[in-house]
Amino acid sequence: MKIAVFGLGYVGLSNAIMLAQHNTVIGCDIAAERVKMLSRRQSPIQDDLVEQYLLRDDLDLSFTTEMSTAIGGADFAIAAV
């Protein structure tokens, strides 16, 4: 299942990470620097668990600033803004 998550703050990022353990997840945020950090698997928020999960190889998780990229083909969308 493909899920788009809009807003990658504490709530959106945590949800994206948990959902990416069993689904394809694309996280979308308007903050380009945040998306760049996440694409390098670096957490933009201070949370040990988030940092640990981002380093896992088994997450099907990617990030973008483009809304159309995130929503294209998604089965579900979550807005955490």
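At 11% relative accessibility, Thr-64 counts as buried (buried means under 20% relative accessible area, exposed over 50%, partly exposed in between, with a 1.4 Å probe and protein chains only). Thr-64 is found in strand β3; helices (H or I, at least four residues) and strands (E, at least two) are DSSP runs, numbered from the N terminus. Leaving out residues up to four places away in sequence, Thr-64 touches Ile-26, Gly-27, Cys-28, Asp-29, Val-35, Thr-69 and Ala-70, where contact means heavy atoms within 4.5 Å.

## Basis of the model

This is a predicted model, in which local features need pLDDT of at least 70 and side-chain atom pairs count only at pLDDT 80 or more, while totals for chains, interfaces and linings use all residues. Residues are numbered from 1 along each chain as its sequence is written, and side-chain values use heavy atoms, with hydrogens and water left out.

## Gly-27 in β2

Gly-27 belongs to strand β2, residues 24-28, and is buried, with a relative accessible area of 0%. Beyond its neighbours within four places in sequence, Gly-27 is in contact with Val-5, Leu-8, Ser-62, Phe-63 and Thr-64. Gly-27 and Thr-65 are 38 residues apart in sequence, and their C-alpha atoms are 8.4 Å apart in space.

## The nonpolar cores

In soluble globular proteins, nonpolar side chains tend to be buried together. A nonpolar core is here a set of buried Ala, Val, Leu, Ile, Met, Phe, Trp, Tyr and Cys residues joined through side-chain atoms within 4.5 Å. The largest such core has 16 residues, of which Leu-13, Ile-17, Val-25, Leu-54, Leu-61 and Phe-63 touch the most other members. Two or more residues each come from β1 (2-6), α1 (10-19), α2 (32-39), α3 (48-54) and β3 (61-64). The most is given by α1, with three residues. Apart from this core lies another, of five residues, among them Phe-6, Ile-26, Cys-28 and Ala-70.

Ile-17 touches Val-50, Tyr-53, Leu-54, Leu-59 and Leu-61, not counting residues up to four places away in sequence.

The buried residues in α1 are Gly-12, Leu-13, Ala-16 and Ile-17. They lie on the same side of α1 because they cover an arc of only 130 degrees around the axis, the arc being that of the directions from the helix axis to the C-beta atoms. Elements covering the buried residues of α1 include β1, β2, α2, α3 and β3. The face turned away from the buried side of α1 carries the exposed residues Tyr-10 and Val-11.
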